[in-house]
Amino acid sequence: MTIAKIRRLSSTGPVARLVWIAAYLSVTLAALMSTYFFPALHSLLLASKEQRFPAAIGDLGGAQQQQIHGRDPMKWTWEEAPLHFFRGTKQDSSSSLDKKLWKHPPNRGFVPCVLPSRKYKASKGPSRGFLVVQSNGGLNQMRAGVMSYCWELVTCFDSFVFSCQICDMVAVARILNATLVIPELDKRSFWQDSSKFSDIFNEDYFIEALEQDVDIVRKLPKEVADLPKSRKQFRSWSNVKYYEEEIAPLFDEYQVIRAVKSDSRLANNGLPADIQKLRCRVHYDALRFSSRIEEFGKMLVDRMRMHGPYIALHLRYEKDMLAFSGCTHGLTQDESDELADIRESTAHWKVKIINATEQRAKGFCPLTPKEVGIFLQALGYPSATRIYVAAGEIYGGNERMQELQARFPNLMRKETVATPAALAQFSRHASQMAALDYIMSVEADVFVPSYSGNMARAVEGHRRYLGHRKTIIPDRKALVDLIGKTESGVLEDSELSKRIIDIHKRRQGAPRKRKGPVVGSKGKDRFRTEEAFYTNPLPDCLCNKNSDDDNASSQQHTNYTIDAVSNHHPQLE
């Protein structure tokens, strides 16, 4: 301001002088805000919009796609992670509360230890014949060969038990010194899925990875394909002695044994250490997904994590699940009648009349979407938390999801993270769609199952194997009781949160030994009630790296482990 202007101002009245100064300050303030404040506010609002309504994969333009980590996510090659699952996960949490919510439990130094012993390596003999396996059930059921004792008759979304069956049949082939034929997938199941083994898994790698363990062929040789076969239903939860004494002699008369069923054919416990380690080598390494599924799944993970950590919620609330379990809480009378009719008309479901109130009170029912929302909110997760919903078709549709959506608006599914066009290659194959959910669940920063089905247990075990990633297992019996008291006014919301947090402090995936059978159980109930092998690989396949175990110390330098990538989880470093 010049001296002349000051002199002119001094000659005017005080009111005019104040008006002039106010105008001058307003212009100056506007200039400062347009330079510093408004751009920051615009960026904040834009980021908030992107987090709430992210563009689906396939919607991004070519130039914008290239900006995602410098590459096209639709052509993801994942050079940083040569094996199929990461050891660490990326997180972006700022407050101490956030860090606590996403922090993994301490793994107490446990690492994979699945190397075979010298004795095992030398014991592989010439093949006695061929083992043909017909995998039954869904993908989770086929992967490990385990069945839930309370869910064993239901064809359902838990499609990874298929690969567990394969793991067990590889072990059986080793025990028998038999050549394993690439398993046939069940195309007659509820899902009517036409997928072949190679559509889901990397068949070449499967054969190569196990060449020192068992001989594997893609199909029976022509010279034996038409020969008589021994069709045999192996006894459930069997030990090595059973296969050596009752099954192996069949090769004296037949060149081919066909396993009629392959679920739960090996015991969870009491097997030789080398057989248990073989099961883990198959499950956690040899059974890699096909490159098409693996690359697309990891692309979905990258997309979900662009704005920070996420929860994978395995929400078991499909019609067949509710019909089988007899759980009707929160349903209309018409819906309850429909489920009862389904149960009555399904011949192989033995139990027809079920007391829904008792089922729920005992914790035998899956949590409802509303209860899941209350549970996560009570644990302290903010409403902005990104949640990936791994589920089939929710009974009741969007209306049943409203109360969960109201608490956590950022609910995502395959169909919202990827466009229909991008998903088209998988959408008609239930097992392949389930494979994508499996990848999203194993790779999630936190995994929460609403029910302890086959997929939930398989994911839990895999996350334990990869470093005991945070996996919160709801205590359904306690939750139903607490939520009921809150709704009746007996318990305050603040007290509800405290109790839920306290109950679940020790249910977050920390290392522990596999649980044995329920006390007092006899016969087959002993096997049915013990924790499944693939739910918890400790102690058979995990050792303490601080111990003197040579297997544990050398394991870190073998192909059986999964190397850490550049973006480690802060709590794993």
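The link of C327 and C365 is left-handed, with -90 degrees about the S-S bond. The model is predicted. The structure holds 3 disulfides, and an open sheet of 5 strands is present as well. The chain averages a pLDDT of 80.

**Disulfide C327–C365**

- The sulfur atoms of C327 and C365 are 2.0 Å apart.
- C327 is buried, and C365 is buried too.

**Disulfide C113–C543**

- C113 is joined to C543 by a disulfide, with an S to S distance of 1.9 Å.
- The torsion about this S-S bond is about 75 degrees, so the disulfide of C113 and C543 is right-handed.
- C113 lies in the loop between β1 (110–112) and α5 (118–122), while C543 belongs to strand β11 (residues 542–544); the pair therefore ties together parts that are 430 residues apart in sequence.
- C113 and C543 are both buried.

**Disulfide C280–C541**

- C280 and C541 form a disulfide with their sulfur atoms 2.0 Å apart.
- This link of C280 and C541 is right-handed, with 95 degrees about the S-S bond.
- The pair links distant parts of the chain, 261 residues apart: C280 is in helix α12 (residues 273–286), and C541 is in the loop between α25 (524–529) and β11.
- C280 is buried, with a relative accessible area of 1%.
- C541 is buried, at a relative accessible area of 0%.

**Cysteine pattern**

- With bonded cysteines counted along the chain, the disulfides follow the pattern 1-6, 2-5, 3-4.
- A disulfide is a covalent bond between the sulfur atoms of two cysteines.
- C167 has 0% relative accessibility, so C167 counts as buried.

**Open sheet**

- The 5 strands of the open sheet have the order β4-β3-β2-β6-β5, with parallel pairing.
- β4 (216–217) and β5 are the edge strands, and each pairs on one side only.
- Strand β2 (residues 130–133) and strand β3 (residues 179–181) run parallel and are joined by 2 bridges.
- F130 has T179 as its bridge partner in β3.
- S230 is found in β5, which spans residues 230–232.
- S230 is buried, with a relative accessible area of 9%.
- Leaving out residues up to four places away in sequence, S230 touches L250, Y254, V256, I257 and R258.

- H468 lies in the loop between α22 (454–465) and α23 (476–487).
- The relative accessible area of H468 is 0%, so H468 is buried.
- Not counting residues up to four places away in sequence, H468 touches H104, P105, N107, F110, R463, G509, A510, P511 and L542.
- H468 and R108 are 360 residues apart in sequence, yet their C-alpha atoms are 9.5 Å apart in space.
- One of the residues that H468 touches is L542; strand β11 covers residues 542–544.

**E203 in helix α9**

- E203 is found in helix α9, residues 203–209.
- At 16% relative accessibility, E203 counts as buried, because the cut-off for buried is under 20%.
- E203 touches I182, F197, S198 and R218, with residues up to four places away in sequence not counted.

**Confidence**

- The average pLDDT of the chain is 80, and 72% of the residues score at least 70.
- Over residues 138–159 the pLDDT is below 50; this stretch has 136 contacts in the model beyond near neighbours in sequence.
- Residues 553–573 also stay under 50 in pLDDT, and the model has 48 contacts for them beyond four places in sequence.
- Where pLDDT is low, the predicted coordinates should not be read in detail.

Methods:
Residues numbered from 1 in each chain as written. Predicted model: local features only at pLDDT ≥ 70, side-chain atom pairs only at ≥ 80, totals over all residues. Heavy atoms only, no water. Helix = DSSP H or I, 4+ residues; strand = E, 2+ residues; numbered from the N terminus. Buried < 20%, exposed > 50% of the residue type's maximum accessible area, 1.4 Å probe, protein only. Contact = heavy atoms within 4.5 Å. pLDDT = per-residue confidence, 0-100. Disulfide = S-S within 2.5 Å. Pairing = 2+ DSSP bridges.
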